[in-house]
Amino acid sequence: MEWLLGIGGALLLGVLTNLVYDFAKYGGSRIGSRLPAPRVRRMSLSEAARAHDVRADGLAPLITWSASRPLTPGTLVTSYDGRVARPHRLDAVGWADEVERQRAAGAAGRTAYVSRLTVDHGEHSAARMCEVSIAESDYAECMATTRLGREDPEAGRLLREALDEGLTSFVATAPPTMMSACVAVRDRAGRLLLLRRSLAVRTFPAQWTVGINETMKYRDEPGAAEDFYALVHRALEEELGLLPADVGPTVITWLGWSEPASCYTLVATVRARLDAAEIDRRREACHSTFEHDMAVWVPFNRRSVSQLVEGGVCPDGSQRWSYLAPLVAWEAWRAAQQERA
């Protein structure tokens, strides 16, 4: 027994000696690297960021996904309904007349929106499916829904009432609109991309976004239909010149309703296999380069993401953040935690 105590004492003395030496030589920094830091504390954003409620930005969460219940291509079942004729909440406020005004003004082009959405709430892992039906709309209908939702108090009230009734009721009675995807992009080193929208775009010019944004198109050509993942891949190619092989898995974490745009909004995060310089080079040569006039890569750490969520100063010194920026920054942080889970 005495020899065991002697060995234990020698080991303890050795550990203490090494700690004293490290502290004297490295000022404690090396000691900190050896001791396990509490995971939750290290990964938590600031208190103000954690308290931020995206509902105050006009965003209503419909579904969120987590590491324990993720959305994957295998758990997403998508069907395509073409044009869907049904009564909806904005019929009572002259929606059809507004559509005709928008068409007369030149609004055109096929878009798409969610016409049915079912999430299985069972606890059986094999039953965790998300079933989505995509219906066809056009840009005139989107603009009519957006204008009324934004400018007509009665229309806004009707949409909020529908949201209060829950996901199933809302999706079944919402007007034709569009599906928009926000995609947070990190480079190979982990930095996060911020973009300033140019003055050439029709919506939210000169505002800063976290990553890119793209609207779903309705396509009925064989093999061309878009689901959530195909929308993200097209957005990456058109706005950044990135192909599926250039990025890791798409992590989708949030689906909800945007009051400012009166549309469905999806939030996804991807990590590129390329460095920032190569992504910038591709972005400057891609299809939609006119949509942004400034790009900045920021560290992806607790401080910078907290500032994005809290709404700090933009890279150009302004405070012209998109209303979506706090949500997308927060979801990018959640996606990164899922990677580590």
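Which helices and strands each supply at least two residues of the lining of the largest pocket?

**Entry 1: ground rules.** I am working with a predicted model, in which local features need pLDDT of at least 70 and side-chain atom pairs count only at pLDDT 80 or more, while totals for chains, interfaces and linings use all residues. Residues are numbered from 1 along each chain as its sequence is written, and side-chain values use heavy atoms, with hydrogens and water left out.

**Entry 2: the chain.** I counted 12 helices and 11 strands in the protein chain. Both are DSSP runs numbered from the N terminus: helices are H or I with at least four residues, strands are E with at least two. Of the 341 residues, 48% count as buried. Buried means under 20% relative accessible area, exposed over 50%, and partly exposed in between (1.4 Å probe, protein chains only).

**Entry 3: the largest pocket.** The list is strand 3 (110-119), helix 6 (139-151), strand 5 (179-186), strand 7 (208-210), strand 8 (212-215), helix 9, strand 10 (263-271) and helix 12 (325-340). Helix 6 gives the most, with six residues. A pocket here is an open set of points on a 1 Å grid over the protein atoms alone, where a 1.4 Å probe fits, with protein on both sides within 12 Å along at least five of seven lines; lining residues have an atom within 4 Å of a point. I noted a volume of about 1100 Å³ for the largest pocket. The volume is the space filled by probe spheres set on the points, which are joined across faces, edges and corners. Of its 43 lining residues, the closest to the centre are Tyr139, Arg197, Thr203, Asn213 and Thr215. By class, the lining has 18 nonpolar, 13 polar and 12 charged residues. For those classes, Ala, Val, Leu, Ile, Met, Phe, Trp, Tyr, Cys and Pro are nonpolar, Asp, Glu, Lys and Arg are charged, and the others, Gly among them, are polar.

**Entry 4: salt bridges.** My search of the whole structure gave 26 salt bridges, each a side-chain nitrogen of Lys or Arg within 4 Å of a carboxyl oxygen of Asp or Glu. One of them joins Arg103 to Asp138, with the closest N and O atoms 2.5 Å apart. Arg103 sits in helix 5 (residues 95-104) and Asp138 in strand 4 (residues 130-138), so this pair ties together parts 35 residues apart in sequence. Arg103 is partly exposed at 35%, whereas Asp138 is buried at 14%.

I also checked Asp187 and Arg191, whose closest N and O atoms are 2.8 Å apart in a salt bridge. Asp187 is buried, at 0% relative accessible area, and Arg191 is partly exposed at 35%.

Arg234 and Glu238 meet at 3.4 Å, N to O. Both lie in helix 9 (residues 228-240), four residues apart, about one turn of the helix, and both are buried.

**Entry 5: Tyr80.** Tyr80 lies in strand 2 (residues 76-82) and is partly exposed, at 32%. Leaving out residues up to four places away in sequence, I found that Tyr80 touches Ile134, Tyr218, Ala225, Glu226 and Asp227; contact means heavy atoms within 4.5 Å.

**Entry 6: cysteines.** How many disulfides are there? I got zero, taking a disulfide as a pair of cysteine sulfur atoms within 2.5 Å. Cys130 is buried at 2%, and Cys314 is buried at 4%.
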